[in-house]
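This briefing goes through the fold, the charged side chains and a handful of individual residues in turn. Please read it alongside the sequence and the coordinates.

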Amino acid sequence: MLKISDYKFGKIIARTERSSVLLASNKITSQKVAVKCYRVPSRSSPDYLHILNEFLILSRCAHPNIVKFHGFSEETHKDEVLNEDFLAVYL
């Protein structure tokens, strides 16, 4: 499991309707990585199943031309504007 608190986030590399890709670096090793972030209402959301499918595919890939997969993490956050919880999923 990816420990997201070990990373410091930088600039946004890409953004879509469903996700954002951020540049991040490990606080201890300074290793730079790209972190894909999803925001879903809950684990029961259909979008969550799509994220799990992506996780399974990435975890099985082993090829020099494919970005190495380091892990998966999720955290619950509070949306201050909408006053509701959401699930943040990181790949």
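A salt bridge is taken here as a side-chain nitrogen of Lys or Arg lying within 4 Å of a carboxyl oxygen of Asp or Glu. R43 and E74 form such a pair, with their closest N and O atoms 2.1 Å apart. The model is a predicted one, and the chain in it is made up of one helix and five strands.

**Overall fold and dimensions**

- Read from the N terminus, the order of the elements is β-β-β-α-β-β.
- The radius of gyration of the chain is 14 Å, which agrees with the value near 12 Å that a compact globule of 91 residues would have.
- Taken along the principal axes, the box filled by the C-alpha atoms has dimensions of roughly 40 × 25 × 25 Å.
- Of the 91 residues, 32% count as buried, and the accessible surface of the chain comes to about 6600 Å², with 54% of that surface belonging to carbon and sulfur atoms.
- When contacts between residues at least 6 apart in sequence are considered, 35% of them join residues at least 24 apart.

**Charges and salt bridges**

- The chain carries 13 positive and 10 negative side chains, and the centres of these two sets are 10 Å apart.
- By the rule given above, the count of salt bridges comes to two.
- In one of them the side chains of E54 and K36 meet, with an N to O distance of 3.0 Å. E54 belongs to helix α1 (residues 46-60) and K36 to strand β3 (residues 32-40), so this pair ties together parts that are 18 residues apart in sequence. K36 is partly exposed, its relative accessible area being 24%.
- In the pair formed by R43 and E74, the closest N and O atoms are 2.1 Å apart. R43 sits in the loop between β3 and α1, whereas E74 is in strand β4 (residues 73-79), so the pair ties together parts that are 31 residues apart in sequence.
- The two partners of this second pair fall into separate accessibility classes: R43 is exposed, with a relative accessible area of 55%, while E74 counts as buried at 17% relative accessibility.

**Residues in the N-terminal part and the helix**

- S25 has its place in strand β2 and is buried, with a relative accessible area of 19%, which falls under the 20% cut-off for that class.
- Not counting residues up to four places away in sequence, S25 touches D6, Y7, K8, S30, Q31 and K32.
- Most residues other than glycine have a negative phi. S30, although it is not a glycine, has a positive phi of about 65 degrees.
- D47 is found in helix α1 and is partly exposed, with a relative accessible area of 34%.
- Leaving out residues up to four places away in sequence, D47 touches R18 and V40. The C-alpha atoms of D47 and R18 are separated by 8.7 Å, although the two residues are 29 apart along the chain.

- K78 is placed in strand β4 and is partly exposed, with a relative accessible area of 42%.
- Apart from its neighbours within four places in sequence, K78 is in contact with N83, E84, D85 and F86.
- A88 is found in strand β5 (residues 84-90) and counts as buried, at 6% relative accessibility.
- With residues up to four places away in sequence not counted, A88 touches Y38, S73, E74, E75 and H77. Among these, E74 is also the salt-bridge partner of R43.
- A88 and I57 are 31 residues apart in sequence, and their C-alpha atoms are 19 Å apart in space.

Technical notes: Residues are numbered from 1 along each chain as its sequence is written. This is a predicted model: local features need pLDDT of at least 70, side-chain atom pairs count only at pLDDT 80 or more; totals for chains, interfaces and linings use all residues. Side-chain values use heavy atoms; hydrogens and water are left out. Helices (H or I, at least four residues) and strands (E, at least two) are DSSP runs, numbered from the N terminus. The radius of gyration is taken over C-alpha atoms; the globule rule is 2.2 Å times the number of residues to the power 0.38. Buried means under 20% relative accessible area, exposed over 50%, partly exposed in between (1.4 Å probe, protein chains only). Contact means heavy atoms within 4.5 Å. Accessible areas come from the Shrake-Rupley method with a 1.4 Å probe; for residues, only the protein chains shown count as cover. Lys and Arg count as positive and Asp and Glu as negative; His and the chain ends are not counted. The place of a charge is taken as NZ of Lys, CZ of Arg, CG of Asp or CD of Glu.
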